[in-house]
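Reader: I'm new to reading protein models and get lost when everything is on screen at once. Could you walk me through one part of this one, slowly?

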Amino acid sequence: MYKLLDSRYLSKEKFYDGFNNASDQHYTLLCFQLKEDSKTIFKLWGYAINDQKKSHAEELVIDEMEQYIAANISHDLGKCYNITYYLSYGPCSRCCRKIIDFHRLFNNVSIDIKMSKSYCFQLPEVQNGVKNLLKENISLTAMDKADFVTCFYSFVEGGHLATFEPWPDLESHYQKFSEGLQTLQVHAILLYAFILHFYSVLQDMIFRTI
């Protein structure tokens, strides 16, 4: 397992290798930040890389987040917090369930997930996982150039003094992954509308038989 939290930055080499949306890697890189909605200073931040034999990067971070929030952040609904994930690959079905369980546990914490590349969107279980995220009002979007710049500035060692250098085809790959997400989002909305209609009709039928 390889995990760095709070006080360490990514190297430029690791950032460009992990987040390049035009190339494939055999690991998942996740940069994360937790802050109070009205503040700009992060309460918790860092990055994680998956342990390929055991834990996914999302699982590593969520376990850390749960401990930190339980110990340090009030559950007072008057205060709201935001978590932003920058993922080199979108979440798998297992990690989607983990994220949803976490979101339900801390309902005063919103989650924004920004992914560089999609992960196995052709698999029905991954599609269902992504749709379930969207139904839970968890934001999932493809990273555009502005997101890469923000991630670079926030998490790369010396990033605030350097210039982000985009790679060839960044924009075309962003468009491809963004369109894939939008298609799943439309399917999720249609499915949710169908379920609501089905239960409305069923409820009406029950009332008529009473």
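What pattern does the protein chain follow, read along the sequence? After that, please zoom in on helix α3 (residues 93–105) and what packs against it.

Author: Happy to. Before we start, keep in mind that this is a predicted model, where local features need pLDDT of at least 70 and side-chain atom pairs count only at pLDDT 80 or more, while totals for chains, interfaces and linings use all residues. Residues are numbered from 1 along each chain as its sequence is written, and side-chain values use heavy atoms, with hydrogens and water left out.

Now your question. Going along the sequence, you pass through β-α-β-β-α-β-α-β-α-β-α-α. That gives six helices and six strands, and here helices (H or I, at least four residues) and strands (E, at least two) are DSSP runs, numbered from the N terminus. Of the 210 residues in the chain, 46% are buried; buried means under 20% relative accessible area, exposed means over 50%, and partly exposed is in between, using a 1.4 Å probe and protein chains only. Contact means heavy atoms within 4.5 Å. Among contacts with a separation of 6 or more, 76% link residues 24 or more positions apart.

On to α3. Start with α2 (residues 57–72). The axes of α2 and α3 come within 10 Å and cross at roughly 10°. Those axes are lines fitted to C-alpha atoms, for helices over the stretch in contact, and angles run from 0 to 180 degrees between N-to-C directions. At that angle, α2 counts as roughly parallel to α3; the label covers angles under 35 degrees, with over 145 being roughly antiparallel, 65 to 115 roughly perpendicular, and the rest oblique. The crossing of this pair is left-handed. A crossing gets that name if the near helix is turned anticlockwise from the far one by less than a right angle, and is right-handed if clockwise.

Which residues do the touching? From α2 come E58, E59, I62, D63, M65, E66 and I69, and from α3 they meet R94, C95, K98, I99, F102 and L105. Sorted by class, this contact has seven nonpolar, no polar and six charged residues. For that sorting, Ala, Val, Leu, Ile, Met, Phe, Trp, Tyr, Cys and Pro count as nonpolar, Asp, Glu, Lys and Arg as charged, and the others, Gly among them, as polar.

Now turn to α4 (124–135). Helices α3 and α4 pack at about 20°, with their axes 8 Å apart. So α3 is roughly parallel to α4 as well, and this crossing is left-handed too. On the α3 side you'll find S93, C96, I99 and I100, and on the α4 side E125, V126, G129, V130, N132 and L133. Here the classes come out as six nonpolar, three polar and one charged.

Leaving out residues up to four places away in sequence, I138 touches I99, I100, H103, I111, I113 and L133. The C-alpha atoms of I138 and I99 are 8.9 Å apart, although 39 residues separate the two along the chain. Most residues other than glycine have a negative phi. N137, which is not a glycine, has a positive phi of about 60°.

Finally, the core. In soluble globular proteins, nonpolar side chains tend to be buried together. The largest nonpolar core in this model has 37 residues, and those with the most contacts inside it are M65, Y85, F102 and I113.

How values were computed
Core = buried A, V, L, I, M, F, W, Y, C linked by side-chain atoms within 4.5 Å.
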